[in-house]
Amino acid sequence: MLVEELMTKGLISVDINENCSEVAKIMESENIGFVGVLENNELVGVLTDRDLVIKALVNNDNTVTNSTTKNVITIDKNDTVDNALQLMGSSRVKRIIVMDNNNPAGVVSLSDILNSDYTSTISRAVSQIYSID
(Lines give C-alpha, C1' and ligand atoms only; values in the text may rest on other atoms or scores of the structure.)
Protein backbone atom coordinates (compact mmCIF):
# COMPACT_ATOMS: atom_id res chain seq x y z
CA MET A 1 0.00 0.00 0.00
CA LEU A 2 1.25 3.48 -0.87
CA VAL A 3 1.56 6.38 1.56
CA GLU A 4 -0.63 8.51 -0.73
CA GLU A 5 -3.55 6.16 -0.05
CA LEU A 6 -3.49 6.83 3.71
CA MET A 7 -2.17 10.37 4.04
CA THR A 8 -4.20 13.36 5.07
CA LYS A 9 -4.02 15.67 2.08
CA GLY A 10 -2.78 19.20 2.57
CA LEU A 11 -0.44 20.55 5.20
CA ILE A 12 -1.45 23.38 7.46
CA SER A 13 1.60 25.59 7.75
CA VAL A 14 2.65 28.70 9.63
CA ASP A 15 5.35 31.27 9.02
CA ILE A 16 8.49 30.98 11.13
CA ASN A 17 7.93 34.56 12.34
CA GLU A 18 4.50 33.71 13.81
CA ASN A 19 4.16 33.48 17.58
CA CYS A 20 3.39 30.25 19.41
CA SER A 21 0.15 31.56 20.91
CA GLU A 22 -1.30 32.08 17.43
CA VAL A 23 -0.11 28.65 16.32
CA ALA A 24 -1.79 27.07 19.34
CA LYS A 25 -5.05 28.78 18.35
CA ILE A 26 -4.71 27.40 14.81
CA MET A 27 -4.06 23.91 16.17
CA GLU A 28 -7.11 24.16 18.39
CA SER A 29 -9.43 25.44 15.66
CA GLU A 30 -8.21 22.85 13.15
CA ASN A 31 -8.11 20.06 15.76
CA ILE A 32 -4.51 19.19 14.89
CA GLY A 33 -1.28 18.77 16.81
CA PHE A 34 1.21 19.36 14.02
CA VAL A 35 1.96 22.14 11.52
CA GLY A 36 4.62 22.75 8.94
CA VAL A 37 6.85 25.78 9.45
CA LEU A 38 7.70 27.91 6.43
CA GLU A 39 10.38 30.49 5.85
CA ASN A 40 10.12 32.39 2.56
CA ASN A 41 7.49 29.80 1.50
CA GLU A 42 9.99 26.94 1.98
CA LEU A 43 9.41 24.15 4.50
CA VAL A 44 12.08 24.53 7.20
CA GLY A 45 10.60 22.60 10.09
CA VAL A 46 7.59 21.35 11.97
CA LEU A 47 5.93 22.40 15.18
CA THR A 48 3.96 20.00 17.35
CA ASP A 49 1.68 20.56 20.29
CA ARG A 50 4.41 18.91 22.38
CA ASP A 51 6.97 21.43 21.07
CA LEU A 52 4.67 24.22 22.24
CA VAL A 53 4.70 22.82 25.77
CA ILE A 54 8.29 21.56 26.07
CA LYS A 55 10.08 24.31 24.16
CA ALA A 56 7.84 27.38 24.27
CA LEU A 57 5.87 27.20 27.50
CA VAL A 58 8.58 25.74 29.72
CA ASN A 59 11.17 28.22 28.44
CA ASN A 60 8.72 31.14 28.42
CA ASP A 61 9.56 31.72 24.75
CA ASN A 62 6.64 32.54 22.43
CA THR A 63 8.64 32.44 19.17
CA VAL A 64 8.05 29.77 16.56
CA THR A 65 11.69 30.19 15.48
CA ASN A 66 12.99 28.82 18.78
CA SER A 67 10.34 26.13 19.19
CA THR A 68 10.46 24.58 15.72
CA THR A 69 11.85 21.10 15.15
CA LYS A 70 14.14 21.76 12.24
CA ASN A 71 14.92 18.14 11.33
CA VAL A 72 12.02 17.60 8.93
CA ILE A 73 11.22 13.94 8.29
CA THR A 74 9.62 13.45 4.87
CA ILE A 75 8.55 10.63 2.61
CA ASP A 76 7.45 10.56 -1.01
CA LYS A 77 3.74 10.00 -1.67
CA ASN A 78 4.61 6.99 -3.84
CA ASP A 79 6.62 5.26 -1.11
CA THR A 80 5.17 2.30 0.76
CA VAL A 81 3.44 2.31 4.13
CA ASP A 82 6.03 -0.25 5.28
CA ASN A 83 8.77 2.29 4.56
CA ALA A 84 6.79 4.99 6.37
CA LEU A 85 6.51 2.78 9.45
CA GLN A 86 10.21 2.00 9.33
CA LEU A 87 11.02 5.71 9.01
CA MET A 88 8.73 6.57 11.92
CA GLY A 89 10.42 3.94 14.06
CA SER A 90 13.98 4.90 13.21
CA SER A 91 13.21 8.62 13.57
CA ARG A 92 11.02 8.18 16.67
CA VAL A 93 8.19 10.29 15.24
CA LYS A 94 4.44 9.74 14.87
CA ARG A 95 3.91 11.97 11.83
CA ILE A 96 5.77 12.39 8.56
CA ILE A 97 5.32 15.07 5.93
CA VAL A 98 4.42 13.54 2.58
CA MET A 99 6.09 15.10 -0.44
CA ASP A 100 5.03 15.29 -4.08
CA ASN A 101 7.78 16.55 -6.40
CA ASN A 102 9.60 18.22 -3.48
CA ASN A 103 6.43 20.00 -2.33
CA PRO A 104 4.50 19.16 0.84
CA ALA A 105 1.36 17.27 -0.16
CA GLY A 106 0.10 16.11 3.22
CA VAL A 107 0.86 14.21 6.38
CA VAL A 108 0.81 10.54 7.24
CA SER A 109 0.53 9.66 10.89
CA LEU A 110 0.84 6.50 12.91
CA SER A 111 -2.86 6.89 13.69
CA ASP A 112 -3.67 7.02 9.97
CA ILE A 113 -1.91 3.70 9.53
CA LEU A 114 -3.32 2.03 12.64
CA ASN A 115 -6.88 3.02 11.72
CA SER A 116 -6.60 1.78 8.13
CA ASP A 117 -7.42 -1.43 6.33
CA TYR A 118 -3.66 -1.95 6.07
CA THR A 119 -3.47 -2.70 9.79
CA SER A 120 -6.50 -5.00 9.58
CA THR A 121 -4.69 -7.00 6.90
CA ILE A 122 -1.64 -7.35 9.14
CA SER A 123 -3.82 -8.39 12.10
CA ARG A 124 -5.59 -11.05 10.05
CA ALA A 125 -2.28 -12.41 8.79
CA VAL A 126 -0.81 -12.59 12.29
CA SER A 127 -3.98 -14.26 13.59
CA GLN A 128 -3.81 -16.85 10.83
CA ILE A 129 -0.12 -17.50 11.45
CA TYR A 130 -0.63 -18.05 15.17
CA SER A 131 -4.04 -19.71 15.11
CA ILE A 132 -4.39 -23.03 16.82
CA ASP A 133 -5.92 -25.67 14.58
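Which residue in β7 is the bridge partner of Ile 97? The partner is Val 107. The structure described here is a predicted model.

## Strand pairing around β6

Strand β6, residues 95-100, pairs with strand β5, residues 74-76, in the parallel sense, and 3 bridges join them. Within this pairing, Ile 75 has Val 98 of β6 as its bridge partner. Between β5 and β6 the chain passes through helix α5, residues 81-91, in a β-α-β crossover that is right-handed.

Strand β6 also pairs with strand β7, residues 103-109, this time in the antiparallel sense over 6 bridges.

## The β6-β7 hairpin

Strands β6 and β7 form a hairpin, with 2 residues between them. In its turn, Asn 101 has a positive phi of about 55°.

## Asparagines with positive phi in other loops

Asn 31 lies in the loop that connects α2 (20-30) to β3 (34-39). Although Asn 31 is not a glycine, its phi is positive, at about 55°. With a relative accessible area of 71%, Asn 31 is exposed, because the cut-off for that class is over 50%.

Asn 41 occupies the loop between β3 and β4 (42-48). Its phi is near 65°, again a positive value in a residue other than glycine. Asn 41 is exposed as well, its relative accessible area being 74%.

Note on methods. Residues numbered from 1 in each chain as written. Predicted model: local features only at pLDDT ≥ 70, side-chain atom pairs only at ≥ 80, totals over all residues. Heavy atoms only, no water. Helix = DSSP H or I, 4+ residues; strand = E, 2+ residues; numbered from the N terminus. Buried < 20%, exposed > 50% of the residue type's maximum accessible area, 1.4 Å probe, protein only. Pairing = 2+ DSSP bridges. Right-handed = clockwise from strand over helix to strand, strands pointing away.
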